[in-house]
Every structure is written in structure tokens, then in C-alpha cells.
Amino acid sequence: MNKKFFIRVIFILVFCCLGIYILLNFKSKFIIKNGVLVRYKEGIFAKLTNPKQITIPDEVTRIGECAFRRCFEVETITITIPDSVEVIELAAFSYCENLKEVYLPSKLRYIPMFCFGECRKLEKAYMQDNIKMIDIFAFTECTSLEYID
């Protein structure tokens, strides 16, 4: 076997691996384990598809710590959290630079520290009457926040 043959094989392997990576990571997806949204994983073409709304699946009962942290894909955006969610953990949406609106679920009782910290474009937060406590710094540096309902 000659050198050209090995170069072709390596090229084909690299090309196939790249193709598989693109297929597996093309779309954004939720990483959910036992009802906990562990991470929102942005797809590799997220900037091209530019979703205007993210709706968290109904199977989620808890949003994990930093699950959406530094979610740059969110250009819009509106994030709708289903009523099945009872707990949102620390800094879950922090640094979502383009987040504009969030709809909080009816079962949520507490908004933790730094939950929406540094979401500078967040303008509106819609929440139910059940919220018993909003922790210190939950909305820190949300400089565009005009409306909480």
C-alpha cells in the first residue's frame, strides 16, 4: 500500500467524522436527566436558524444550575417555562445576553440568586402570584427590565 492510499483513507475518515459531528449537533437541544433540564445545548448553526422563542418541554420539573448560562443563541427571545417546572436553580439563565421576555410557571415559588443576572436585554418577566420570594440579585444587571407582572 502506498502513501496516497493512506492519505485518501485519512481524508475520508476525517470527512465522515466531521459529517457525523454536524448531524449530531446541527439543532439545538435540551439535555434532560430525570426531569431536570441540565443544559440547553446550542446547535452549531444556531446563529443561522435564529429561533425567536424557546419553549421548554413539559417533561421538565426542574431547571438546573446554569442550564442556559451564556446562551448566545437566544436572540429574541422569549423563553416559556412550562407549569410542570417547580424549581429553577441558581444562575439558570444568567448571561443570556439577548433574552427579552420570560414566562415563569405557576408552580414556581422562588426565584434564586442570579437567576437572570446579567440578562441586559431582559425587558419583561411574567410571573404568577405564587412567587413567595425573589432572592437578592435574581435580576441583577438587568438594565432593560421595565416590567414584572
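Author: This is a predicted model. Start with strand S4 (residues 62-63) and S6: they run parallel and are joined by two bridges.

Reader: What makes S4 and S6 a pair?

Author: Pairing needs at least two bridges. S4 and S6 have two bridges, so they count as paired. In one of these, Arg62 has Val87 in S6 as its bridge partner.

Reader: Which strands make up the open sheet, and in what order?

Author: There are four, ordered S1-S2-S4-S6, with mixed pairing. S1 and strand S6 (87-88) are the edges: each has a single partner strand, so one side of each lacks a neighbour in the sheet.

Reader: How do you know that S1 and S2 pair?

Author: The requirement is at least two bridges. S1 (residues 29-33) and S2 (residues 36-41) have five, in the antiparallel sense. Ile32 lies opposite Leu37 of S2. Two residues separate the strands in this hairpin, and Asn34 has a positive phi near 55 degrees.

Reader: What makes the link between Glu101 and Thr78 a polar contact?

Author: The limit is 3.5 Å. The side chains of Glu101 and Thr78 are joined at 3.3 Å, so the distance passes. Beyond four places in sequence, Glu101 also touches other residues, including Ile77, Leu122 and Tyr126.

How values were computed
Residues are numbered from 1 along each chain as its sequence is written. This is a predicted model: local features need pLDDT of at least 70, side-chain atom pairs count only at pLDDT 80 or more; totals for chains, interfaces and linings use all residues. Side-chain values use heavy atoms; hydrogens and water are left out. A polar contact is a pair of N or O atoms within 3.5 Å; within protein, one must be able to donate a hydrogen and the other to accept it, and residues adjacent in sequence count only if both atoms are side-chain atoms. Contact means heavy atoms within 4.5 Å.
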